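This report describes selected features of one protein model. Please keep the sequence and the structure in view while reading.

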Amino acid sequence: MLARIDSCAVLGIDAHLVQTQVDVGPGMASFTVVGLPDLAVQESRERVRSAIRNSNFSFPASRVTVNLSPANIRKEGPAFDLSIALAVLAATEQIVGDDMDNLLAVGELSLDGSVRPISGVLPIALAARDAKCTGLIVPAGNAAEATVVEGLAAYPVRTLWEAAEVVARPDQRQPATSTAGDWHLSDPDYPIDFSEVKGQDHVKRALEVAAAGGHNVVMVGPPGAGKTMLAMRLPTVLPPLRMEEALEVTKVYSISGNIPAGQGLITTRPFRSPHHTISAAGLAGGGTLPRPGEVSLAHYGVLFLDELPEFGRDVLEVLRQPLEEGTVNVSRVAGSATFPARAMLVAALNPCPCGYYTDATHSCTCSVTKIRRYLQRISGPLLDRVDIHIEVPRLKRDELLTPSNGEPSKSMRKRVLQAREVQAQRFAGGDIFCNAHMRPRDIKAFCPLSEDVRSFLSKAIDQLGLSARAFDRVVKLSRTVADLAAADQIGLPHVAEAIQYRGLDRKLWA
């Protein structure tokens, strides 16, 4: 007898429907899985056989053939266990489901018949809703994630027996309650705040400009100046995630298995801080079967690279594409995938190996050759893609002894939101949403320059030796500073502030 039930294969950050077809017929006892399965799917034969027997069902002593259709999509992971087991039970008439063809089931089976959580449930739920499935049978551990998708009935199960009852008893099905009331996208809760930072007002201003326009930042200063502390608080002044942004971020976290237990939706801007020993594949994504890297996990959030020169040069160079395009394309023999990577890059570094080259109170012990070799670990093309270069000096004694009473993140975020609203109106109907993402034609359309501004920029180009890319980034920065000042046109004060954020690289790397 033949039975069918849908499942899903996750490719990149999207899921594709896969029909699980099981035929039980006469012949020698065998269990065959076809349809381009990987090793984990092949191993599901033993998990399914033991789970069926230990759930008070019987496994057929005949020829069992499982086809995962379409056969041109590679199937990987243990998520097909539950759909195979349910189709086997239906093919042997141990359960009968009238709407089984319209159900979708995913989950990993243990040998005792319990259903374990899997990765990628959110894109699977979105695919099930788009395919107008009657319902989605998921592991109970993935219930919060599945209920994020509105318009889809999700049935969490803990055992194969419970899943069989969902199929066989449609009148007793009880979908999980949506967790929509638990989302607080408009009022994100952060345990840290900019009011805890002492001094560094000019750095806070630079980070506010970066947040308002989505610009990349590099901070240079001696050890203990507060670079990491400042970077960690940058997400607290970014605009709250919109629903479509939260879903896209959660999809990336879902397929990588990084969603916290019991949490269905990522509601705050991500902050990722990988160690400098990370590989290029770990940062940009990769592996035999492509998986998202740290730059994709920081999508719509902040990617913080501390001690930037300590990262491998080849590791840093893979950031060029995501910084320019906002995506990462990973191609492997087993397949290719495109992951979103629209993250703000925030980097921190010491000005020399000992860290005290620019410090006024501590003498540097490094030779000129050592300093040059240290700073040249960062390529010019990568540095040119960073909009803001800011120096973070050591705090003075009086600043250290004074209690921290700086401006809170909430008031800074209010100004950032106002600037982002101006940009949203400016780019309405387009595919960009902040100034940092403007292309040359957008700069020409939205950043007209007066004659006095052009004259000022001409002198800056001659003195600083700005490249064409650096010039465009100065104009983008000027537009953001003007937006924070609620100015319609870019003026000399806006350009002057933008240019001061581009002088540090000439001071150190010249």
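Is Cys-8 buried or exposed?

Cys-8 is buried, as its relative accessible area is 2%; buried means under 20% relative accessible area, exposed over 50%, and partly exposed in between, with a 1.4 Å probe and protein chains only. Cys-133 also counts as buried, at 12% relative accessibility.

A disulfide is a covalent bond between the sulfur atoms of two cysteines. Here the term is applied to a pair of cysteine sulfur atoms within 2.5 Å. Zero disulfides are found in a search of the whole structure. Cys-8 is in no disulfide, and its nearest cysteine sulfur, that of Cys-133, lies 7.5 Å away.

## Basis of the model

The model is predicted: local features need pLDDT of at least 70, side-chain atom pairs count only at pLDDT 80 or more, and totals for chains, interfaces and linings use all residues. Residues are numbered from 1 along each chain as its sequence is written, and side-chain values use heavy atoms, with hydrogens and water left out.

## Helices α4 and α9

Helices (H or I, at least four residues) and strands (E, at least two) are DSSP runs, numbered from the N terminus. The axes of helix α4 (residues 121-130) and α9 come within 7 Å and cross at roughly 120°; axes are lines fitted to C-alpha atoms, for helices over the stretch in contact, and angles run from 0 to 180 degrees between N-to-C directions. Therefore α4 is oblique to α9: angles under 35 degrees count as roughly parallel, over 145 as roughly antiparallel, 65 to 115 as roughly perpendicular and the rest as oblique.

In α4, Val-121, Leu-122, Pro-123 and Leu-126 meet Leu-247, Thr-250, Lys-251, Ser-254 and Ile-255 in α9, where contact means heavy atoms within 4.5 Å. Thr-250 belongs to helix α9 (residues 243-256) and counts as buried because its relative accessibility is 0%. Leaving aside residues up to four places away in sequence, Thr-250 touches Leu-122, Ile-259, Gly-264, Leu-265 and Ile-266.

## An open parallel sheet

An open sheet is formed by five strands in the order β11-β14-β17-β10-β18, with parallel pairing; two strands pair if DSSP finds at least two bridges between them. The edges are β11 (271-272) and β18 (388-391), each with a single partner strand, so one side of each has no neighbour in the sheet.

Strand β11 runs parallel to β14 (residues 302-306), and two bridges join them. Arg-272 stands opposite Leu-303 in β14.
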